Amino acid sequence: AYYDYIYTMATDDEFVYVGGLSQTVKKLNKSDLSQVAESSSYGGAIEAIATDDEFVYVGARITRTVKKLRKSDLSQVAESADYNGYIYAIAVDDNYVYVGGETTRTVRKLRKSDLSQVAESTNYGGTIYAIATDDEFVYVGGQTTQTVRKLRKSDLSKVAESASYGGTINAIAVDDNYVYVGGHNTQTVRKLRKSDLAQVAESTNYGGTINAIATDDEFVYVGGWTTRTVRKLRKSDLSRVAESASYGGTIEAIATDDEFVYVGGATTQTVRKL
């Protein structure tokens with residue numbers, strides 16, 4: 001159980017890290033989802049979590065900073081400067097943290113060691129809700145502009161932009177060759193070619209706003225409002241191959257490992273392992 005609205009989660013080999021309205025990060029054992037650690041209060045609802053081998057990086061409302069927590073006990077080891085708006089998206093690579101949100105509406109690149117800023121993109125044109133990375137680029141989406149932008153990691157300059165999704169983009173995931181995107185209004189998953197962000201496939205309508213996307217080698221897992229289920233889509237053509245029972249509330253977060261899917265959200269307010 002989690003006992004509060006879940007907005008975000010991330011996994012490693014042994015644990016699930018969960019955040020939301022409770023304003024803390026909870027560390028759960030993957031085997032039985034029992035709680036093994038909890039951070040101190042962030043000071044606002046937690047909207048974004050990313051992990052590496054040793055640390056958890058967290059962003060939220062109100063406090064509007066990125067905090068770096070030690071995985072072992074979730075103690076704080078560093079904190080960024082104020083983003084000047086709610087933080088809704090975080091992604092990491094080997095050396096940097098990429099963060100975006102409202103008001104400022106840019107992607108900021110922070111040095112992992114001390115969370116100091118080293119680069120900043122131009123304004124996205126609306127609140128940023130989703131960020132994903134690969135070896136060379138950052139992919140970002142959100143409100144108003146409603147496109148996926150591909151940014152060069154070195155200086156966060158724009159190198160490509162997709163057509164409009166037709167609604168706010170809430171979720172982005174990537175693999176070696178493609179970007180998978182979902183959100184509001186259109187309510188489908190779109191598969192975009194990484195090189196130029198051209199659309200190559202689209203799923204059927206989810207039946208509600210898509211809030212969360214995760215992938216593995218063969219499939220895309222998606223969840224959101226109204227339908228309140230996790231759908232498993234075949235990567236090749238985004239056809240549906242399986243669907244979970246209702247979560248009982250809006251799905252806000254999905255994470256995967258080699259064997260399982262972890263899901264959380266509103267109303268039910270628990271992490272489910274599928």
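A: Start with a term. A contact means that heavy atoms lie within 4.5 Å. Keep in mind that this model is predicted.

Q: Among contacts between residues at least 6 apart in sequence, what share joins residues at least 24 apart?
A: In this protein the share is 34%.

Q: How many helices and strands are there?
A: The protein has zero helices and 27 strands. Its radius of gyration is 17 Å, close to the 19 Å that the globule rule gives for 274 residues, so the protein is as compact as a globular protein of that length. Along the principal axes, its C-alpha atoms fill a box of roughly 45 × 40 × 30 Å.

Q: What percentage of the residues count as buried?
A: The figure is 59% of the 274 residues. The accessible surface is about 11000 Å². Carbon and sulfur atoms hold 40% of that surface.

Q: How far apart are the mean positions of the positive and negative charges?
A: They are 5 Å apart. The protein has 31 positive and 36 negative charges.

Q: Where do nonpolar side chains tend to be in soluble globular proteins?
A: They tend to be buried together. Here is the case in this structure. The largest nonpolar core has 32 residues. Those with the most contacts inside this core are M9, V189, I213, I254 and V271. Several strands each supply at least two residues of the core, among them β1 (6-11), β2 (15-20), β17 (169-174) and β21 (210-215).

Q: Which residues does V189 touch, beyond those up to four places away in sequence?
A: Its partners include Y180, V181, A201, I210, I213, V222, L233 and L238. E202 and S203 are also touched by V189.

Q: Is Y221 buried or exposed?
A: Y221 counts as buried, because its relative accessibility is 8% and the cut-off for buried is under 20%. Y221 sits in strand β22. Setting aside residues up to four places away in sequence, Y221 touches A212, I213, A214, I254 and V261, among others. Compare sequence and space. Y221 and V58 are 163 residues apart in sequence, and their C-alpha atoms are 23 Å apart.

Q: What about L28: buried or exposed?
A: L28 counts as buried, at 1% relative accessibility. Find L28 in strand β3, residues 26-29. Beyond its neighbours within four places, L28 is in contact with E14, F15, V16, V18, L33, S34, Q35 and V271. L28 and V222 are 194 residues apart in sequence and 22 Å apart in space, C-alpha to C-alpha.

Q: Where does D257 lie?
A: D257 lies in the loop between β25 and β26. Leaving aside neighbours within four places in sequence, D257 is in contact with K30 and Y262. D257 and A10 are 247 residues apart in sequence, yet their C-alpha atoms are 10.0 Å apart in space.

Technical notes:
Residues are numbered from 1 along each chain as its sequence is written. This is a predicted model: local features need pLDDT of at least 70, side-chain atom pairs count only at pLDDT 80 or more; totals for chains, interfaces and linings use all residues. Side-chain values use heavy atoms; hydrogens and water are left out. Helices (H or I, at least four residues) and strands (E, at least two) are DSSP runs, numbered from the N terminus. The radius of gyration is taken over C-alpha atoms; the globule rule is 2.2 Å times the number of residues to the power 0.38. Buried means under 20% relative accessible area, exposed over 50%, partly exposed in between (1.4 Å probe, protein chains only). Accessible areas come from the Shrake-Rupley method with a 1.4 Å probe; for residues, only the protein chains shown count as cover. Lys and Arg count as positive and Asp and Glu as negative; His and the chain ends are not counted. The place of a charge is taken as NZ of Lys, CZ of Arg, CG of Asp or CD of Glu. A nonpolar core is a set of buried Ala, Val, Leu, Ile, Met, Phe, Trp, Tyr and Cys residues joined through side-chain atoms within 4.5 Å.
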